[in-house]
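This report describes one protein chain for a reader who is new to structures. Please look at the sequence and the model before reading on.

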Amino acid sequence: NTYTSEGVLPVVSVVWANGTVVIPAVASNSPLFSFADTPRFTVALLQDSHTTLLAQNQFTFRIRPNVPLMVGARVSITGLAGSSNKDSVVNFQGEHKHRFMYYLGFFASAEQTLTMTVGAKCKTSCLDGSCLEQAAPCIFPFTFSRFPYWQCTSSGGAARPWCATSTAFAGVLSPTAPHWGHCECEPSIPSDEDTTITFTLFNSATSRVGFA
C-alpha cells in the first residue's frame, strides 16, 4: 500500500482459491481510506543527552500523531548532520520500542536521516471456530518454519493472516492447536498519547548547530 495525504492507495489483485490470478496486482489510483485531516504530528520532540565531540550521544524521540498509525507506516527524522555514523542499523530502547518494526531504524548518512517503520499491534479472532484462542495478544517476532515474523502472515496455507500468541507455538495451524489465531489488528501508534523511544548516534568531530 502507498500512504499519501489523500489516503491509502491499495495494491489490488484478485486470485481464485486454486491460485489462478484473475487480476494481477496493480496499484490503485483511488484511496481505500481517506483522512479527515492531513497526517501530521501534534507532538514531535528530539532531545540529545550531551554535545561532546567524537562521543556517543543518546537521543530521546517523542511523537504524537493527529491520526493513529498502522503497521507499515514510516517515520523519518531528518537533519541529523552532527552524526558521524555511516549507513547503519540503529537499535531502539525505551518503553515504546515495540511499536516499531524490529525495534530499530535505518540511518542513511548521505541524507542525514533516520527512518523507522511502524510495527504490528494485533490480537486473535477465532469466533468462527477456526482457532482456539480468542482475543489473545499476538507476539512479535514469532517463529514459523524457522523464519521470524514481525507481523501477521498467511504462510502455511492459511486462509487469513495469523500470528502466534506464545513462544510455545509448535508451528501447527489446525483449529485444535494452541498458541495461534487469525489476526485482528489496530493502530500501533495511537493519537491520544505520546510514543517515546531512545537511540544512540556517534557525534562527529565538527560542531553543528543543535548537535555536537
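## A term to begin with

A polar contact is a pair of N or O atoms within 3.5 Å; inside a protein, one atom must be able to donate a hydrogen and the other to accept it. By this definition, the side chains of S130 and D128 make a polar contact at 2.6 Å. The model discussed here is a predicted one.

## The chain as a whole

The protein chain has 17 strands and zero helices. Of its 212 residues, 35% are buried. Its accessible surface is about 12100 Å², and carbon and sulfur atoms account for 54% of that area.

Contacts can also be sorted by how far apart the partners are in sequence. Among the contacts in the protein chain with a separation of 6 or more, 58% are between residues 24 or more positions apart.

The largest nonpolar core contains 19 residues, and F61, L114, M116 and F199 have the most contacts inside it. At least two residues of this core come from each of strand 7 (56-65), strand 8 (74-77), strand 11 (113-117) and strand 17 (195-202). Another core lies apart from this one; it has 18 residues, including C122, C126, Y149 and A164.

Which residues does M116 contact, leaving aside its neighbours within four places in sequence? They are F61, A73, R74, V75, I77, F92, F100, L104, G105 and I197.

Four strands form an open sheet with antiparallel pairing, in the order 8-11-10-9. Strand 8 and strand 9 are the edges: each has a single partner strand, so one side of each has no neighbour in the sheet. On average, neighbouring strands of this sheet are turned by 30 degrees against each other, direction ignored.

Within this sheet, strand 10 (residues 104-108) and strand 11 run antiparallel and are joined by three bridges. F106 stands opposite T115 in strand 11.

An open sheet of three strands has the order 12-16-15, and its pairing is antiparallel. Strand 12 (122-124) and strand 15 (162-164) are the edge strands, each pairing on one side only.

Strand 15 pairs with strand 16 (residues 180-185) over three bridges, in the antiparallel sense. A164 stands opposite W180 in strand 16. A164 is also among the residues of the 18-residue core.

## Two serines in loops

S130 lies in the loop between strand 12 and strand 13 (142-144). Is S130 buried or exposed? S130 counts as buried because its relative accessibility is 18%, and the cut-off for buried is under 20%. Besides its contact with D128, the side chain of S130 makes a polar contact with the side chain of H182 at 3.2 Å. Not counting residues up to four places away in sequence, S130 touches R160, S174, P175, W180 and H182.

S83 is in the loop between strand 8 and strand 9 (88-91). With a relative accessibility of 16%, S83 is buried as well. Its side chain makes a polar contact with the side chain of N85, at 3.0 Å. Leaving aside neighbours within four places in sequence, S83 is in contact with F107, L201, F202 and S204.

## Backbone points to check

Most residues other than glycine have a negative phi, and most peptide bonds are trans.

Q112, in the loop between strand 10 and strand 11, has a positive phi of about 55 degrees although it is not a glycine. Q112 is partly exposed, because its relative accessible area is 29%. A135 lies in the loop between strand 12 and strand 13, and its phi is also positive, near 60 degrees. At 43% relative accessibility, A135 counts as partly exposed. In the loop between strand 12 and strand 13 there is also P141, and the peptide bond joining F140 and P141 is cis, with omega about 0 degrees.

Methods. Residues are numbered from 1 along each chain as its sequence is written. This is a predicted model: local features need pLDDT of at least 70, side-chain atom pairs count only at pLDDT 80 or more; totals for chains, interfaces and linings use all residues. Side-chain values use heavy atoms; hydrogens and water are left out. A nonpolar core is a set of buried Ala, Val, Leu, Ile, Met, Phe, Trp, Tyr and Cys residues joined through side-chain atoms within 4.5 Å. Buried means under 20% relative accessible area, exposed over 50%, partly exposed in between (1.4 Å probe, protein chains only). Contact means heavy atoms within 4.5 Å. Accessible areas come from the Shrake-Rupley method with a 1.4 Å probe; for residues, only the protein chains shown count as cover. Two strands pair if DSSP finds at least two bridges between them. Axes are lines fitted to C-alpha atoms, for helices over the stretch in contact, and angles run from 0 to 180 degrees between N-to-C directions.
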